[in-house]
Amino acid sequence: MSDAAPPPLDRALGERLSRAEYARDFRTQRDRSQGRNSWKFERRQHFEEEDSSRDALRRGDWPEALRLLEEDRAGLLETVARDRLLGHALHRVRIVEEPLTPYVQWELHALRIQAECGKGIRVVGAEAVRSAERAGPLPEVVVLGDRVLYEVVYSAEGAPEGAVRFTEPRIVEGWAHFIEVAYASGEDVILYFDRKVAQPLQFGPYWWNL
């Protein structure tokens with residue numbers, strides 16, 4: 001992909017949102033983005049999510065974790081159908097470091113199911129964004145249409161803490177372009193999964209902190 005870096009995100013120039021405020025604002029802006037492409041850029045290799053499948057993962061119960069992911073399939077199909085009806089498409093780029101962390105291996109199972117349901121998700125190797133990370137790892141970013149950008153904020157452990165909202169066109173458009181280029185250069189998550197994630201590894205409880 002291009003060596004161009006996205007615009008820096010100075011949080012002092014954005015609006016800090018709590019988790020609840022972010023969720024409300026996201027829904028509002030998503031509804032206003034009908035007919036426009038949206039973009040998600042995911043860089044961290046570990047998150048602490050609140051999810052029943054994630055809880056099973058923490059216990060080291062892979063079969064249950066994967067069973068619970070499969071239960072989401074019907075809801076995902078409905079979401080994709082609704083978004084298509086509204087003309088809204090969220091394209092997702094997942095940056096991966098190899099060897100895969102246990103979290104990313106689990107997440108790739110979830111992303112594969114989402115892609116099978118019609119979501120646009122591509123994988124990009126971390127080496128492709130190194131030139132844009134001279135000042136440190138790139139942030140987690142969501143761009144909704146051409147209206148708003150959220151830098152999603154996490155604790156050091158990877159727990160969600162809300163977001164910083166940016167509306168400056170130069171920032172929104174610059175990041176949208178950066179993610180679009182990354183998406184175009186990426187590999188479909190289903191193909192990547194089939195190459196790199198043959199079977200879940202077997203871990204016991206507490207392995208996720210290793």
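Predicted model: local features only at pLDDT ≥ 70, side-chain atom pairs only at ≥ 80, totals over all residues.

Me: Why do residues three or four places apart in a helix point the same way?

Reply: An α-helix has 3.6 residues a turn, so positions three or four places apart point the same way.

Me: How does the span of H4 compare with the expected one, and what follows the helix?

Reply: H4 covers residues 73-86, 14 residues in total. From the first C-alpha to the last it reaches 20 Å, close to the 20 Å expected at 1.5 Å a residue. Gly87 follows the helix, and its phi is positive, near 75 degrees.

Me: Let us turn to H5. Is His109 buried or exposed?

Reply: His109, which is found in helix H5, is buried, with a relative accessible area of 10%. Burial in this sense requires a value under 20%. The side chain of His109 reaches the backbone oxygen of Gln105 at 2.9 Å.

Me: Which strand is joined to S5 by three bridges, and which by five?

Reply: Three bridges join S5 to strand S2, residues 37-42, and the two run antiparallel. Within this pairing, Phe41 stands opposite Val141. Five bridges join S5 to strand S6, residues 148-154, again in an antiparallel arrangement. Here Leu144 stands opposite Val148.

Me: How many residues lie between S5 and S6 in their hairpin?

Reply: The hairpin has three residues between the strands. Gly145, in the turn, has a positive phi of about 55 degrees.

Me: I now come to charged pairs. How many salt bridges does the structure hold?

Reply: Side chains of opposite charge can pair when their charged atoms come close. The structure holds 24 salt bridges. One of them joins Arg73 and Glu116, with the closest N and O atoms 3.0 Å apart. This pair links distant parts of the chain, since Arg73 belongs to helix H4 and Glu116 to helix H5, 43 residues apart. Arg73 counts as partly exposed at 23% relative accessibility, and Glu116 also counts as partly exposed, at 34%.

Me: What does Glu116 form with Arg112, and which residues are linked in the network?

Reply: The side chains of Arg112 and Glu116 meet in a salt bridge, at 2.5 Å from N to O. Both residues lie in helix H5, four residues apart, which is about one turn of the helix. Arg112 counts as partly exposed, at 22% relative accessibility. The network of salt bridges links Glu70, Arg73, Arg112, Glu116 and Asp194.

Me: Where is Glu97 found, and which residues is it in contact with beyond its neighbours within four places in sequence?

Reply: Glu97 is found in the loop between strand S3, residues 89-96, and H5. Leaving aside neighbours within four places in sequence, Glu97 is in contact with Arg43, Gln45, Ala126 and Arg130. The side chain of Glu97 makes a polar contact with that of Arg43, at 2.9 Å.

Me: What kind of pair do Glu97 and Arg130 form, and what does the pair link?

Reply: Glu97 forms a salt bridge with Arg130, the closest N and O atoms being 3.1 Å apart. The pair links distant parts of the chain: Arg130 lies in the loop between strand S4 (120-125) and S5, 33 residues apart from Glu97. Glu97 is partly exposed, with a relative accessible area of 23%, and Arg130 is partly exposed at 42%.

Note on methods. Residues numbered from 1 in each chain as written. Heavy atoms only, no water. Expected span 1.5 Å × (residues − 1). Buried < 20%, exposed > 50% of the residue type's maximum accessible area, 1.4 Å probe, protein only. Polar contact = N/O pair within 3.5 Å; in protein donor to acceptor, adjacent residues only side chain to side chain. Contact = heavy atoms within 4.5 Å. Pairing = 2+ DSSP bridges. Salt bridge = Lys/Arg side-chain N within 4 Å of Asp/Glu carboxyl O.
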